[in-house]
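Visitor: I am new to this structure. Could you walk me through it?

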Amino acid sequence: MPHSDVLGAVLAGGASRRFGSDKAEAVLEGRTLLDRAVEALAPEVGAVVVVVREEGDRPYDAPVITDLHPGQGPLGGLEAALHRAVERGAGGVFLLGCDLPLVTSEAVRTVLSWWRGPAHVVAPLGPGGPEPLLAVYGVEVLGDVQRRLQAGARSLRGLLEDVGAELH
């Protein structure tokens, strides 16, 4: 059963400097990385949006929202998604990087099963540490996100630590 109280947000606004081209448009097994991310989220959440840096970025099949403050990296994308979640009356945002092509709906469902509501943040713990681009952020962390952005502290892993995220 989908978490209708969660907004799925695919980050597709990165500059892709190291990749050399738009990661969202890269194709794996006949589907773009962006399509794969949207397809993994869609059956498990109430709605899905694609977060891009600024107006005029390439249109996608899913609704598009823009960063409120372009150039702030994934933390800026999370801020925009949390704002949209609040507008929709959702309790949280499932943040997914478009460059995680092997994430399935089953993985999304597992992470969602750990989440306990608007004041909770949960992320898987991978071999390299927490996975902040495969995590659920309760809307009550919006103030923490804004404070970090104002301070120039753009690390999502730092946010996970600051808010005492539950790691699995």
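Visitor: How many bridges join β1 to β4?
Guide: A word first: this is a predicted model. Strands β1 and β4 run parallel. One of the pairs in β4 has V51 as the bridge partner of L11. The number of bridges joining β1 to β4 is six.

Visitor: Which residue of β6 is the bridge partner of V6?
Guide: Strand β1 is also joined to β6, again by bridges. There are six of them, and the two strands run parallel. In β6, the partner of V6 is G92.

Visitor: Which are the edge strands of the sheet?
Guide: The sheet is open and has seven strands, with mixed pairing. Its order is β5-β4-β1-β6-β10-β7-β11. An edge strand pairs on one side only, and that holds for β5 (64–66) and β11 (166–167).

Visitor: What is the bridge partner of V51 in β5?
Guide: Strand β4 covers residues 45–52. Three bridges join β4 to β5, and these strands run parallel. In β5, the partner of V51 is I65.

Visitor: What angle does the direction of α1 make with that of β1?
Guide: Helix α1 (residues 33–41) packs on the sheet. It touches β1 (3–11), β4 and β6 (92–97). The angle with the direction of β1 is about 170 degrees.

Visitor: And which strands does α2 touch?
Guide: Helix α2 packs on the sheet too, and its direction makes about 150 degrees with that of β1.

Visitor: At what angle do the axes of α2 and α4 cross?
Guide: Helix α2 spans residues 73–88 and helix α4 spans residues 142–151. Their axes come within 10 Å. The crossing is left-handed. Its angle is roughly 145 degrees.

Visitor: How many residues of the contact of α2 with α4 are nonpolar?
Guide: From α2 come L75, G76, L78, E79, L82 and H83; from α4 come L142, V145, Q146, R148 and L149. Three of the contact residues are polar and two are charged. The nonpolar ones number six.

Visitor: Is L149 buried or exposed?
Guide: L149 lies in helix α4. Beyond its neighbours within four places in sequence, L149 is in contact with Q72, L75, G76, E79 and R154. Its relative accessible area is 13%, and buried means under 20%. Therefore L149 is buried.

Visitor: Why does L95 count as buried?
Guide: L95 lies in strand β6. Leaving aside neighbours within four places in sequence, L95 has contacts that include A9, L11, L78, P132 and Y137. L95 counts as buried because its relative accessibility is 0%.

Visitor: How far apart in space are L95 and V51?
Guide: In sequence, L95 and V51 are 44 residues apart. In space, C-alpha to C-alpha, the value is 9.8 Å.

Definitions and conventions
Residues are numbered from 1 along each chain as its sequence is written. This is a predicted model: local features need pLDDT of at least 70, side-chain atom pairs count only at pLDDT 80 or more; totals for chains, interfaces and linings use all residues. Side-chain values use heavy atoms; hydrogens and water are left out. Axes are lines fitted to C-alpha atoms, for helices over the stretch in contact, and angles run from 0 to 180 degrees between N-to-C directions. Helices (H or I, at least four residues) and strands (E, at least two) are DSSP runs, numbered from the N terminus. A crossing is left-handed if the near helix is turned anticlockwise from the far one by less than a right angle, and right-handed if clockwise. Contact means heavy atoms within 4.5 Å. Ala, Val, Leu, Ile, Met, Phe, Trp, Tyr, Cys and Pro count as nonpolar, Asp, Glu, Lys and Arg as charged, and the others, Gly among them, as polar. Two strands pair if DSSP finds at least two bridges between them. Buried means under 20% relative accessible area, exposed over 50%, partly exposed in between (1.4 Å probe, protein chains only).
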